[in-house]
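Follow the stops in order.

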Amino acid sequence: MSLSQKDTHLLLRLGFLPYGWAAERLKELGREAFVEEQLYPERIAEDPEAARRLGRMRLLEMSPRELARIENGEGRAYYRLLQRHLVLHTRSRRRLAARLEAFWVHHFYVPAESAGAWLADYHQTLAARSLGSFRELLFAVARHPAMLVYLNNDTNVAGHPNENYARELLELHTLGVDGGYSERDVKEAARALTGWTTHPRTEGGFYFDPDAHDTGPKHVLGHDLPAGRGIADGLQLLDLTARHPSTARFVSRKLALWFVSDDPPASLIERLAGVFQREHGRIRPVLRELFSAPEFYASAGQRLRTPLEFLAAAMEATDAWFTDEWRLLDTLNRLGQPFLGWKTPDGYPTQAAAWSGTSGLLARWQVALELTQEADGDPDGGRGVLVHLERRLPQAATAGDWVAATTRHVWGREPAGKQRADLIDYVSDGAGPGRTLTPALAGRKRGGLLALLLSAPEFQWI
């Protein structure tokens, strides 16, 4: 199926490869209606294989208390969460929801080792609200034990305020470092959040301790918080930050970084921020504006896939699935992006400069070779990964047609010039584009062809 450049670009940025169900659905509905459908994932009939795999991950539905009662509960939940991420990004038809969930996980970042038994619950909290309102997300995160413990607000008490969460609330979650807040605002915000802690017997783990709260008057972000109140101080603070104009710009810029480019146009950010404010932080209207913007469609090829994004796309292109936990974790370690392994609350960088070094690119090439040649034809997954290249490669009569169809599947476009000639030369053993593609020839060349395509810049930059 032939797609327009804009259609291909949209699919790639939503996390799809440009063929199969997504391409057919986009052709059927058109771009605007396709985006609208993706904005309401509950209306999309899930891919049966994705639904089957997700349905087997009941461990993620356990409470932290239940996880604590099973052997290595935290470790098992972490690995299941990684598997869930890969299912959502390689097989699910609800790909925009998956991309949004990953965005909010990055925005409200908590490392796996710090979240402990609360990790899966925290991700479920973000997933359930990923397409709702920013205010709802912010309030849920502020009360979640994973965030409270990670940024030490569980020890934030009157007389000895801990400023860690208050600082990151302003710098990373809402206004941004240049958003106009002062050091005094950080200190006052910390006072407003005293007493916000955890308790093992409360529903959800959150507990407000009135005895630990600073009840004195406060002045934060230009607003007075009167004396004698309790949890209302923190609630008002969150409301002020959620509605602040700097928050609209900061979150809009981060969405543009995620979906557009490393240097998104100021015109786009201002429009997104305007929608964000007008719609009171509702996410769907902001995304409608983003995915209809000319700046979005002008950004083709300007965003480098992160290592985790590369692995998911390569797995989808090769119909791969890891059958060994160590093999998957080792692969991500070699790529340089262990799942939820970033130590600081700013989360993994998304800009190309962080991932375009020589060692990182070499690791990608090695993984491409492993998925396409080492694992191909290993029916029992003895090498720790099952791959079915024949399920992903299109049918063709000749070497030239095969190269054209396969590159459209993997890159979203056909090669030209010397690049096309070199690929055809490889597939045809120098016989040219008209060589008949026999089953024997396809079987001998499929791994090498896909390895070349996955290693090329066209697959790294989308």
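**Stop one: Arg-13**

Select Arg-13 and show its surroundings. Leaving out residues up to four places away in sequence, Arg-13 touches Arg-99, Phe-259, Val-260, Phe-296, Ser-299, Ala-300, Gly-301, Gln-302, Arg-303 and Ile-462. Contact here means heavy atoms within 4.5 Å.

A word on the model. It is predicted, so local features need pLDDT of at least 70 and side-chain atom pairs pLDDT 80 or more, while totals for chains, interfaces and linings use all residues. Residues are numbered from 1 along each chain as its sequence is written, and side-chain values use heavy atoms, without hydrogens or water.

Stay on Arg-13, which sits in helix α1 (residues 5-14). Helices are DSSP runs of H or I, at least four residues, numbered from the N terminus. Arg-13 counts as buried because its relative accessible area is 1%; the cut-off is under 20%, with a 1.4 Å probe and protein chains only.

Which side chain of opposite charge is nearest to Arg-13? Select Glu-309: it is 8.6 Å away, and Arg-13 has no salt bridge (a side-chain nitrogen of Lys or Arg within 4 Å of a carboxyl oxygen of Asp or Glu). Now pick Ser-299. Its backbone oxygen lies 2.7 Å from a polar atom of the Arg-13 side chain.

**Stop two: the largest cavity**

The whole structure holds three cavities of 30 Å³ or more. A cavity is a set of points on a 1 Å grid over the protein atoms alone where a 1.4 Å probe fits but cannot get out; lining residues have an atom within 4 Å of a point. The largest has about 510 Å³ of space, the volume filled by probe spheres set on the points. Select His-85, Ala-102, Trp-258, Leu-308 and Glu-309, the closest to its centre of 34 lining residues. Then colour α7, which gives the largest share of that lining, six residues.

**Stop three: helix α9**

Select residues 119-129, helix α9. Leu-119, Ala-120, Tyr-122, His-123, Thr-125 and Leu-126 are buried there. These buried residues pack against α6 (73-90), α7 (95-107), α8 (112-115), α10 (134-143) and α11 (145-150).

Key
Buried means under 20% relative accessible area, exposed over 50%, partly exposed in between (1.4 Å probe, protein chains only). Helices (H or I, at least four residues) and strands (E, at least two) are DSSP runs, numbered from the N terminus. Lys and Arg count as positive and Asp and Glu as negative; His and the chain ends are not counted. A polar contact is a pair of N or O atoms within 3.5 Å; within protein, one must be able to donate a hydrogen and the other to accept it, and residues adjacent in sequence count only if both atoms are side-chain atoms. On a 1 Å grid over the protein atoms alone, a cavity is a set of points where a 1.4 Å probe fits but cannot get out, and a pocket is an open set with protein on both sides within 12 Å along at least five of seven lines; lining residues have an atom within 4 Å of a point.
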